[in-house]
Amino acid sequence: MCTSLTICEWKKVFYEKMEVAKPADSWELIIDPNLKPSELAPGWKQYLEQHASGRFHCSWCWHTWQSANIVILFHMHLDRTQRMGSVRMRIFKQLCFECGTARLDESSMLEENIEGLVDNLITSLREQCYEEDGGQYRIHVASRPDSGPHRSEFCEACQEGIMHWKPSEKLLEEEATDAFSDTSKPRAQAGFGYNFFSLRWCLLWGSLCLLIVYLQVSFRSPAFF
């Protein structure tokens, strides 16, 4: 029985994708709010999603806020003899900073966000449980702008000592690195070191064009004595 629409969507997407990824095995997805990071039973593996995005709704004052710092913890186990696997999942909650209530609220996520997160889960599952090359992980960036800096005092994951990693900052670092590598390349092929599309050159060419037009009009106009 699903406790929310988000949980129902998680299970629906997970079962559909696992049916394609590993049709010979039977997998189940269990929601476990008591799951602890790095506290694993023998034979279990862990995957920690640190950059999920979603929207929170305060059940007390009805305040809503967007967050790109939602942490999701997964514990995974595969019984190869029975060809059965189990995934336990915990989505960490956040406190409402508007009303100050001590009630932790759950997040809701768009379907496309859940699909990307399930893809990452299956990638880790294939690597750790099946010892396969799972492929690349998808960096999920929030579809809406973040509501502001992350406030760790209102985050359940932060209170349990889980360090966050923001994809926006990571992407900015990668873009800065790419930009630096581009500027460090030689410019010998770019017009012998001159940029003919700069403002100075555009003004010069524009002035020359106006002068040519003026001279043509002057020579073609009839002379009056």
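**View 1. The side chain of His75 meets the backbone of Lys36.** In this predicted model, a polar atom of the His75 side chain sits 3.3 Å from the backbone oxygen of Lys36. His75 itself belongs to strand β3, which covers residues 64–79. Is His75 buried or exposed? It counts as buried, because its relative accessibility is 4%, under the 20% cut-off. Leaving aside residues up to four places away in sequence, the contacts of His75 include Leu35, Lys36, Ser38, Glu39 and Leu40. Trp44, Lys45 and Gln46 also touch His75, as do Ser86, Val87 and Arg88.

**View 2. Gly85 in strand β4.** Here we move to Gly85, a residue of strand β4 (residues 84–91). With a relative accessibility of 7%, Gly85 is therefore classed as buried. Beyond residues up to four places away in sequence, Gly85 touches Ser26, Trp27, Glu28, His77 and Leu78. From Gly85 to Leu29 the C-alpha distance is 8.9 Å, while 56 residues separate the two in sequence.

**View 3. Trp10 and the largest nonpolar core.** This core holds 30 residues, and Trp10, Trp27, Ile72, Val87 and Met109 have the most contacts inside it. Two or more residues come from each of α1 (5–21), β1 (26–31), β2 (45–57), β3, β4 and α2 (111–128). Which residues does Trp10 touch, not counting those up to four places away in sequence? They are Leu29, Ile72, Phe74, Met89, Ile91, Met109, Ile114, Leu117 and Val118.

Notes: Residues are numbered from 1 along each chain as its sequence is written. This is a predicted model: local features need pLDDT of at least 70, side-chain atom pairs count only at pLDDT 80 or more; totals for chains, interfaces and linings use all residues. Side-chain values use heavy atoms; hydrogens and water are left out. Helices (H or I, at least four residues) and strands (E, at least two) are DSSP runs, numbered from the N terminus. Buried means under 20% relative accessible area, exposed over 50%, partly exposed in between (1.4 Å probe, protein chains only). A polar contact is a pair of N or O atoms within 3.5 Å; within protein, one must be able to donate a hydrogen and the other to accept it, and residues adjacent in sequence count only if both atoms are side-chain atoms. Contact means heavy atoms within 4.5 Å. A nonpolar core is a set of buried Ala, Val, Leu, Ile, Met, Phe, Trp, Tyr and Cys residues joined through side-chain atoms within 4.5 Å.
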